[in-house]
There are 2 protein chains.
Amino acid sequence: MTDLQAEPTTARTDDTPSLTPEQLTAAVHAITDRARTASRILGRANRARKDRVLLAIADALVARRDLVLAANRADVERGRAAGTSDYLLDRLSLDPERIGRLADALAQLAALPDPVGTAVRAETLPNGLRMRQVRVPLGVVAAIYEARPNVTVDIAGLALKSGNAVILRGGSAAAATNAALVGIIRDTLEDHGLPDDAVLTIDEFGREGARVLMEARGRVDVLIPRGGRELIQSVVTNARVPVIETGEGNVHILLDESADEEMAVDILLNAKTQRPSVCNTVETLLVHSRSGAAPAVLAALSRAGVTLHVDDRSRAFLPEGTAAPSATDDDWNREYMQLDLAVRTVDSVDEALQHIRRWSTGHSEAIITNSLASSEEFVAGVDSAAVLVNASTRFVDGGELGLGAEVGISTQKMHARGPMGLAELTTTKWIVQGEGHVRR
Amino acid sequence: MTDLQAEPTTARTDDTPSLTPEQLTAAVHAITDRARTASRILGRANRARKDRVLLAIADALVARRDLVLAANRADVERGRAAGTSDYLLDRLSLDPERIGRLADALAQLAALPDPVGTAVRAETLPNGLRMRQVRVPLGVVAAIYEARPNVTVDIAGLALKSGNAVILRGGSAAAATNAALVGIIRDTLEDHGLPDDAVLTIDEFGREGARVLMEARGRVDVLIPRGGRELIQSVVTNARVPVIETGEGNVHILLDESADEEMAVDILLNAKTQRPSVCNTVETLLVHSRSGAAPAVLAALSRAGVTLHVDDRSRAFLPEGTAAPSATDDDWNREYMQLDLAVRTVDSVDEALQHIRRWSTGHSEAIITNSLASSEEFVAGVDSAAVLVNASTRFVDGGELGLGAEVGISTQKMHARGPMGLAELTTTKWIVQGEGHVRR
C-alpha cells in the first residue's frame, strides 16, 4: 500500500479534519441531503438537456485544462516527494492528450441512448388496468476509488447521463486534481440550469468521511468501489449501503485435450499479453494432461516474456531449459496483472471446474476446445459472470460486447452481473393507471 | 414480540444447542456446502423434471397430511401453553384445507414458465462473436421467516422451480411443523433422483445459527426475510450476504382536489378494508384541502369501522360527532395493518410528495384525481416501487400484475423493485462463443 491509494485501506490521518464523530456524520449527511435534492431535479431532466451538459463539460475540461494540469502537477510532485512508485504516478498524471481523451469519452456518452424512461414491461391487463414498469434513476450514487483522476470524470459522466446525483471519494493523493475537475463540472452544471449538487465530493472529510458514506443506508442508493482488491474488499466489508462489486478478475483458461494449437497460441497470447494490467486478462492456464497444444502454447508465452508459475505435472510441457517457478496456492489465488501466469495440469473438464470453483473470483473463464461435449460441460459448470468458448477473455468488456459506456464489470450475482452499462445505474418504477379500479 | 416470531428479534435460548461458536459456524457452513453441491445439480435440471417433483411434493403433502397435522398440533399446543395470541396461533395452524391450498400453490408453480435458460440478450456481434446473456439460478437462497408453515412450502417451491437450493430458518414456534414439511419435501426430491439437500433447514441451530447464516458471504447468494418490520430490519442490519428487503408497506393515497367522489369512496374502502393485514393496504390518506370528496370518503370509512387518526385540519371533514384520535408522528410512521387510517390535510401535490418522502417505506403510493397535471406531478415525484393513478393500492401484487408466483414485494432499488416473480430468483451468465477470436 502507498498513500496513492484510497483512504479505506490506508492509515492516513493528515487529511481528516478535526471534527467530532457527530459533526463529521452531520457534515457527510448534509452532503447526501444536497445530492438527494439535486437528484430529484436531474432525474427529471430529459436526454437532450443531459447530453448538452455532458458536451459542455467536455468543452470546459479542454478550455480550462491549464487549471487542471496545474493542480495535477501539485499532486504529482507531492506524490514524488513521498516516494510514490512510477506506476502509481503514471496513473495519477494528466497531460493535454489525456484530458482530451476524457473529453472524448464524455462526448461518446452523450451519443448513447438514455436508459431513463425505457419500459421494461408495458401491458394492459385483462381488467383494463394499464401497467408500465419503467427505468428510473437510482437517485444518489457514490463512488470510492483510488488516485486516478480519470475515474472522477468517468463516474460523474455516467451518473449524469443516467440521471443520478453522484458523491465522489477519490484517493487523497489526487485531491487537488479532483477538486479542479469537480469544480469545472459543477460550474458547467450551474451554467446549464442544472443543480451543481448533482456532483459532489467528500474528499475533504478524509477516511472517516468515507466510512460515514459507506454506512449511510437510505441516503446513498448504491456505492461503487473502483480499484484493486484491497479497496473493494474494504468497501464490501464495511458498507451498509448496497454495493456493486466490480473488477476483481482471477480469470482462467482451460486448454482442452482437443484444442487447436494455432488458435490456442493466439488466444493465450492475446489474453495474457495484450493488456496485462486489466481485469479480463488471464491469470491461470489449466492444461488438459493430454493436450497436444500445451508445449507450443507455453513456449509462445515464454518467448513473449511471460513468467510461468507451474505445478509439477505442467513442467513436462515446458521447452527444455525454461526457468519456471513452482506454483503454490498463492499463485492460484493471485491476480498478477502483469506478465505472469499460473499453469496447472488437470485430467478432465471436471477437475478444471473444481479448480475454478475453488479459486475464481467469478469474473470470466474460457475454454479452448474442439469438443462439443467439453464445451457444454464447461459452459454449464462455470458459475462466473462470463464464460467463453474459443475466444480471448479480453472480450469481456462493455465496449466489446456492445453496451457502449461501461460502469465496470460486476462480479456479484445481484442486480448486475458482468459488464455493466448505463441501464445498471437505474432501477424501475411500476406505474399503474386505472379508472377507479378496485380489487375483487 | 412473542415467541412465535423468528429468533433474530427474540431472546430465546432454549433451542440454541450447546456448541462453541466455532462448532456452530462449522455446522452451519457444512449445511451451506451441502446446499451448494445440491444447487449445481438442481440448477441443471430441466423444467419437466422440476415440475414433476413440484407436483409430487403437492401429492405427498396431501397423502402424508396426518403427519404434518400431528406435528402442527404439537406446535400449536406448545404455543397456547406459552400464552401466544389467537392471531399468531391462527397463522401457525394448519388444517386439511390449508394443506390442500399449499398443494394447489405448488401445482400452480409447476404450470409457470421456467426462467432458467431464458436469454436476456442474444446477439451476433459485428466480428462474428456470438453472445448470449441467459438467466441462471442464483445458487443458494436462504429464507428467514416467522412461525408460518405456509412460507416453508412456498419458498421451497419457488426456489426449486427457479433451480436454486434453499436453506430455511423458520420461527422456532413452528419447528415441529417445519421439520415434518421439510422431511416430506426431501423424501420426494430423493424419490425423483434430485438431491434432497436442495431443501435444508437450520432450525436446529437456533438464533445463533441464523446469525451465522446471515454472515455467510459467498456461501449464500441471497437472503430473503419474510415477516414483520422488526424481523426484516434485524436481517437487513445484521446480514453480510445480499438481502432482498420485502414487504414493509407504509402506503399513501392522495385524494386530490379534483377527485371524483364515488371513485374515491370505492378505492379507499377497497384499499383499507378488503384485507387490512397485508402490505399493499393503505395506511395514510392525504387529503387536498380543497377536496370536495373528503367528507364522503371519511364518512364511508368511518361507517366501515375504520378508526381515523386525523390532524387538526382534517377534523373539519369528519361527520359531526365522529370520534377520531389526533394523529402524531407515530401515526405517519405506522403500518397499522388493521382498520386504522392516518389522515392529513395538504394544500398541494407537492406538500403530499414531501409527506410521502419523509414517511414512506417505498412500497406503493396512489393518487385519486381528475387532473392530468396532478397525476403527472405525482407519478414523477413519487420514488416508490409502485405508483398508481385512480386504482386501489391492493393491485400491487405479483398475481394481480401478471407475474404468476410472487416471491414478495421488494422495497429496495437494487436487483428487484416491487412485485418479484421467479425471474428475480435468477442471475445471468454471459456466454460468448468464437472461433479463435482475439481482441485487436
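## The second largest cavity

Helix 6 (residues 149–161) of chain B contributes the most to the lining of the second largest cavity, namely three residues. Helices here are DSSP runs of H or I with at least four residues, strands are E runs of at least two, and both are numbered from the N terminus. The model is predicted; local features require a pLDDT of at least 70 and side-chain atom pairs a pLDDT of 80 or more, while totals for chains, interfaces and linings use all residues. Residues are numbered from 1 along each chain as its sequence is written, chains are lettered from A and ligands numbered from 1 in the order in which they are written, and side-chain values use heavy atoms, with hydrogens and water left out.

## Overall form of chain A

Chain A contains 14 helices and 15 strands. Its C-alpha trace spans about 70 × 70 × 40 Å along the principal axes.

Of the 440 residues of chain A, 59% are buried, where buried means under 20% relative accessible area, exposed over 50%, and partly exposed in between (1.4 Å probe, protein chains only). Among contacts (heavy atoms within 4.5 Å) in chain A between residues at least 6 apart in sequence, 74% join residues at least 24 apart.

## The annotated domain

An unreviewed UniProt entry places the feature "domain: Aldehyde dehydrogenase" at residues 22–313 of chain A. UniProt positions follow the numbering used here, feature names are shortened, and annotations may be inferred rather than shown by experiment. Over residues 22–313, chain A is 51% helix and 17% strand, with the end C-alpha atoms 59 Å apart.

## Individual residues

Gly183(A) lies in helix 7 (residues 175–191) of chain A and is partly exposed because its relative accessibility is 26%. Thr118(A) occupies the loop between helix 5 (96–111) and strand 1 (119–124) of chain A and is likewise partly exposed, at 38% relative accessibility. Beyond its neighbours within four places in sequence, Thr118(A) contacts Gln133(A), Val134(A) and Arg135(A).

In chain B, Asp51(B) belongs to helix 2 (residues 47–63) and is buried, with a relative accessible area of 11%. Residues up to four places away in sequence aside, Asp51(B) touches Ala110(B) and Lys161(B).

## Positive phi angles

Most residues other than glycine have a negative phi. His415(A), although not a glycine, has a positive phi of about 70°; this residue sits in the loop between strand 13 (408–410) and strand 14 (418–420) of chain A. In chain B, His415(B) has a positive phi near 70° and is found in the loop between strand 13 (408–410) and strand 14 (418–420).
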